[in-house]
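Subject: Structure handover and notes

Hello,

The structure is pasted below for your files. My notes on it follow.

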Amino acid sequence: MKIELRADKTAVIEGYVNAVERRSRVIPGQRGPFVEIVKAGVFAEALSSGKNVLLKLNHRQVLGDTEHRSLTLHEDNIGLYAKAIVSDAGVIEKAKNKELRGWSFGFKKLDDSWAPGSDGIEERTLKRIELTEVTIVDKAALPVYPATSIEMRGEEASVIEFRSVEDTVDVVDNMPENPEPAPDNSLYKRKLEILKMKGV
């Protein structure tokens, strides 16, 4: 995760959210422990749907989304890459204090397959997903475990799953330490008002 703190009081946060074609760490599940592999192209296909993807902090606080371009996402040969422009003062403060720890993402499974692994742990392969959110994770949310939540829409229930990756964080601080005070232009403004009243 790379963080650039800008002079305009925004932060650009970018990095890989998840790798493709790699075994995850062991995930506890209802079927027992398993590892997960995201097939190459899964994120690209999900993004091609054009559905809005939320940017959140710790899966709770909404910071932006792809629709308003505060979050841009793409899949390359490594995995899902995110670039977020954040203006939330609390998140910027966490970035300054090196409290941000990595990424997480939420998704709905559209197609997967299961197979026994060589080490006795089942392997789940994600073939198609709906990507619902990308989350910046801070130290308060760690240790992060994979989780699920149930979302009700009408009479149908959707299972949203979350996966997290702790990352090394590189912060580049371009914010001025003591910003210059705004110049006092009140005298000039007053002179301008007097000239306007005189009709000059």
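**Strand pairing around S2**

Strand S1 (residues 2-5) pairs with S2 in the antiparallel sense, over four bridges. Two strands are taken to pair if DSSP finds at least two bridges between them. Helices (H or I, at least four residues) and strands (E, at least two) are DSSP runs, numbered from the N terminus. This is a predicted model, in which local features need pLDDT of at least 70 and side-chain atom pairs count only at pLDDT 80 or more, while totals for chains, interfaces and linings use all residues. Residues are numbered from 1 along each chain as its sequence is written, and side-chain values use heavy atoms, with hydrogens and water left out.

Strand S2 itself covers residues 11-19 and is mostly covered, with seven of its nine residues buried. Buried means under 20% relative accessible area, exposed means over 50%, and partly exposed lies in between (1.4 Å probe, protein chains only).

Alanine 19 belongs to strand S2 and is partly exposed, at 22% relative accessible area. Leaving aside residues up to four places away in sequence, alanine 19 touches Val38, Ile78 and Gly79, where contact means heavy atoms within 4.5 Å. Its C-alpha atom is separated by 8.7 Å from that of isoleucine 37, 18 residues apart along the chain.

**Aromatic residues**

How many aromatic pairs does a search of the whole structure find? The search finds four. The rings of tyrosine 16 and tyrosine 81 have centres 4.9 Å apart and planes at 80 degrees, so this pair is edge-to-face. The pair links distant parts of the chain, since tyrosine 16 is in strand S2 and tyrosine 81 in strand S7, 65 residues apart. For the criteria, rings of Phe, Tyr and Trp (its six-membered ring) pair if their centres lie within 6.5 Å; planes under 30 degrees apart count as stacked, over 60 as edge-to-face and the rest as tilted. Tyrosine 16 is partly exposed, with a relative accessible area of 28%, whereas tyrosine 81 is buried at 19%.

Phe43, Phe105 and Phe107 form one aromatic cluster. Of these, phenylalanine 107 is found in strand S8 and is buried, at 0% relative accessibility.

**Salt bridges**

A search of the whole structure finds eleven salt bridges, each being a side-chain nitrogen of Lys or Arg within 4 Å of a carboxyl oxygen of Asp or Glu. Three of them are described here.

Glutamate 4 and arginine 6 meet through their side chains at 3.9 Å, N to O. Glutamate 4 is partly exposed at 25%, and arginine 6 is partly exposed at 29%.

Aspartate 119 forms a salt bridge with arginine 23, with the closest N and O atoms 2.9 Å apart. Aspartate 119 is in the loop between strand S8 (100-115) and strand S9 (122-138), and arginine 23 is in the loop between S2 and strand S3 (34-38), 96 residues apart. Both count as partly exposed, aspartate 119 at 44% and arginine 23 at 38%.

Glutamate 45 and arginine 128 meet in a salt bridge at 3.0 Å, N to O. Glutamate 45 lies in helix H1 (residues 42-48) and arginine 128 in strand S9, so the pair ties together parts that are 83 residues apart in sequence. Glutamate 45 is partly exposed, at 38% relative accessibility, and arginine 128 is partly exposed, with a relative accessible area of 38%. Salt bridges that share partners also join Arg23, Asp119 and Glu123 into one network.

Regards
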